[in-house]
Amino acid sequence: MTVPAQPKIYHIAHVDRLASVVADNSLLCDGEIQRRAPPGTTIGMSTIKQRRLNELVLNSRPGLHVGDCVRSTFVRAR
């Protein structure tokens, strides 16, 4: 499998969470969302989220769970 030179990456959030995404100027990983418990609707399957937070780890970073990773800055469209 080849990796595209400029892959498109999407993040899905409920509309009632958009204000906090803009205010933070970043997307937060599921682990940080769970720690902060911000107001708004959580979308996605809870079983998948729990597996990403508690079971799946990165091969390149043993001990780091997939659910604790996210790109740290949000790029706004102009």
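These are my notebook entries on one protein chain, taken from a predicted model.

**Entry 1: confidence**

I began with the confidence values, since the model is predicted. The mean pLDDT of the protein chain is 84, and 90% of its residues reach 70 or more. I then compared the elements and found the lowest mean pLDDT, 86, in helix α1 (residues 18-24), while the highest, 93, belongs to helix α3 (residues 46-54).

**Entry 2: elements and overall packing**

I looked up the secondary structure next and noted three helices and zero strands in the protein chain, so that, read from the N terminus, the order is α-α-α. Helix α2 covers residues 30-36. For burial, I recorded that 13% of the 78 residues in the protein chain are buried. The accessible surface comes to about 6700 Å², and carbon and sulfur atoms account for 57% of that area. I also checked how far along the sequence the contacts reach: of those between residues at least 6 apart, 45% join residues at least 24 apart.

**Entry 3: the cysteines**

How many disulfides does the chain have? I count zero disulfides. To see why, I looked at cysteine 29, whose closest cysteine sulfur is that of cysteine 69, at 7.3 Å, which is too far for a bond. A disulfide would need the two sulfur atoms within 2.5 Å. Starting from cysteine 69 leads back to cysteine 29, with the sulfurs again 7.3 Å apart and too far for a bond. I noted the accessibility of each as well: cysteine 29 counts as buried because its relative accessibility is 9%, and the cut-off for buried is under 20%. Cysteine 69, at 29% relative accessibility, counts as partly exposed.

**Entry 4: positive phi in the loops**

I turned to the backbone and noted two residues with positive phi. Asparagine 25 has a positive phi of about 55 degrees, although it is not a glycine, and I placed asparagine 25 in the loop between α1 and α2. Is asparagine 25 buried, partly exposed or exposed? With a relative accessibility of 34%, asparagine 25 counts as partly exposed.

Alanine 37, likewise not a glycine, has a positive phi of about 50 degrees. I found alanine 37 in the loop between α2 and α3.

Terms used. Residues numbered from 1 in each chain as written. Predicted model: local features only at pLDDT ≥ 70, side-chain atom pairs only at ≥ 80, totals over all residues. Heavy atoms only, no water. Helix = DSSP H or I, 4+ residues; strand = E, 2+ residues; numbered from the N terminus. Buried < 20%, exposed > 50% of the residue type's maximum accessible area, 1.4 Å probe, protein only. Contact = heavy atoms within 4.5 Å. Areas by Shrake-Rupley, 256 points an atom, 1.4 Å probe, with all protein chains shown as cover. pLDDT = per-residue confidence, 0-100.
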